[in-house]
Amino acid sequence: MLCGSSLAPPFNRTSPLFLFFIQMPSLSIFRNSSLTFHRPLLRYHSYLFAKPVHDIQAYELPMDRRAHLCCSAFSVTQQIHESSAMATNKVSNKSKKKVWWESPEGVLRIKLDMCSKHGDVVQALHLYDEARSNGVQLNQHHYNVLLYLCSSVKLNGNGVDENASSLCNNRGFEIFQQMIIDKVAPSEATFTNAARLALALEDPEMAFDLVKQMKGFNILPKLRSYGPALFGFCKKGMADRAYEVHAHMAESGVMPEELELSALLKLSADVKRADKVYEMLHRLRATVRQVTDSTVGVIEDWFKSEDASKIGEENWDTSKVREGIVMGGGGWHGQGWLGSGRWRAVRTQIDEKGVCHSCGEKLVCIDIDPGETENFATSLSNLACQREVKSNFVQFQEWLQQHGPFDAVVDGANLGLINQKTFSFYQLNTVAGKLRQMSPSKRLPLIVLHTSRVTGGPARNPNNRKFLEFWKKSGALYATPVGSNDDWYWLYAAVTCNCLLVTNDEMRDHLFQLLGTSFFPRWKEKHQVRLSVSRSGLTLHMPPPYSTVVQESENGSWHVPTITGDDLETPRQWLCATRARNKIHPF
Ligand SMILES: [Zn+2]
């Protein structure tokens, strides 16, 4: 719906949000607010930016324009009643939309969107004041753009002084209050932007209260909604309140990511809550797996601290620890800090067999439950059938049943172009030959190529035709149809065959994001083979024989992997944290 302000939940003086504001006498902006509504922004201008405020007169519509446009819409609708009902609705909706976009509300939206695009809070506030004095009715989108700009002023203006920033924040709250008075239903973005305003005022309590208000409006908070409260409490060292935010996230089904967990871990270390540091390390292990350099720094600081050396069980029950490892699927036990004394925390590397260069411990390979793979294959098939021409994909599934299973699947388009200016069938054939040698059944891998690669361009070359004919005859080539995205095909084949997938595509684009983060990264780690090309020839980089995930060993040591770039030659950095006395105790 484009027009006006929608009123989803009943918005009256007993609504939770209204009461929330009534209960906030400390905010000066709500006192004498009627005096502030039409404050011209120009007097703030010198505080804000050096550039001149745009002349908004140029955008003004005559006051009678709206009425005129409404009449036009009516007459247009009248005329088209004579044609078919469907066409009538279509044209009518189209003309209604046109009328709205040309109304003061529509024009204001276009201008505010431009302000949003350019981060121009001064102009946005100017437009707001102008719209209010002209009686233009603002809708949810208008308000959200204004709140967004007011709450992100620090981000937009380099060198914006504190006074200017706080003026914008105050005006943001004033606008938020006006939204409530105007009974415009808020959205998740409204609350999130208001929470950001609260954070700018260094008031994480208010930011948290705002998130709690969302449920009263049947709005589900997002991860970003919690940021202001969580980071605000972390910054102030208010650990218990930060843990409450964390608990509230869990209740709302919102999963914290690395940034949030890292902040909680640092806070817990700062306030000497070793149990919470332990919990956050495990949460990073379970959800983030590999961390950025900055998080490794936080973890390293913890292990090097005096507090970390003081905690830990000296005599632990080894059978319980082993039981924990089995129950957890390997790579961790969850029985708390083991050992005693100072930790030795160093940045190191893991060799190709999974042995730590620093402590000599062998990292484990965590298995994937076959049931999980099966479920993943089903959801992959459903998604592919939605995104691709269904009959084409079903035809491929049938073909795969007849010709599979394979020991490896090759993303032909990717491999034919690695280190090559034009598509190289020769390179693809060399890779296929290497995989055939490695295959237990000495079978060629499945080569997936888009049909355009099989018929046009270099495919016309007689030598290349020979490669294609050979693969085809061996039942190792599948040409995906015109209009298809071959990514779906090679990924589905590799998952259902539970075999190696050869590609240098890091699989991070939109298609792969649809697959979620709980299973796919684990599957990829165990199945993706990459190719590097050098003067000495082609090298296939097999998946590591250990899991690249935060690991807690049986004797209480920790190994934390960092995220690496795409360069295959740069080894991954790990943090190894061990201590002299964390040997397995003979219980
Ligand atoms: Zn180690």
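A crossing of two helices is termed left-handed if the near helix is turned anticlockwise from the far one by less than a right angle, and right-handed if clockwise. The structure described here is a predicted model, in which local features need pLDDT of at least 70 and side-chain atom pairs count only at pLDDT 80 or more, whereas totals for chains, interfaces and linings use all residues. Residues are numbered from 1 along each chain as its sequence is written.

The chain holds 28 helices and 10 strands, these being DSSP runs numbered from the N terminus (helices, H or I, at least four residues; strands, E, at least two). Of its 587 residues, 35% are buried, that is, they have 20 or more other C-beta atoms within 10 Å of their own, with 12 or fewer counting as exposed and values in between as partly exposed, the C-beta atoms being placed from the backbone. Among contacts with a separation of 6 or more, 73% join residues 24 or more positions apart, a contact requiring that the C-beta atoms of two residues, placed from the backbone, lie within 7 Å.

Helix α6 (residues 104-118) and helix α7 (residues 121-133) have axes that come within 9 Å and cross at roughly 160°, where axes are lines fitted to C-alpha atoms, for helices over the stretch in contact, and angles run from 0 to 180 degrees between N-to-C directions. The two helices α6 and α7 are therefore roughly antiparallel (angles over 145 degrees; under 35 is roughly parallel, 65 to 115 roughly perpendicular and the rest oblique), and α6 passes α7 in a left-handed crossing. Leu-108, Lys-111, Leu-112 and Cys-115 of α6 meet Gln-123, Ala-124, Leu-127 and Ala-131 of α7, a contact comprising 6 nonpolar, 1 polar and 1 charged residues (nonpolar: Ala, Val, Leu, Ile, Met, Phe, Trp, Tyr, Cys and Pro; charged: Asp, Glu, Lys and Arg; polar: the others, Gly among them).

Helix α20 (residues 370-387) packs against helix α26 (residues 486-497) at about 160°, with their axes 9 Å apart, which makes α20 roughly antiparallel to α26. The crossing of α20 and α26 is left-handed, and the residues in contact include Phe-376 and Leu-380 of α20 and Trp-488 and Tyr-492 of α26. By class, the contact of α20 with α26 divides into 8 nonpolar, 3 polar and 1 charged residues.

Val-153, which lies in helix α9 (residues 153-156), counts as buried because it has 23 C-beta neighbours inside 10 Å.
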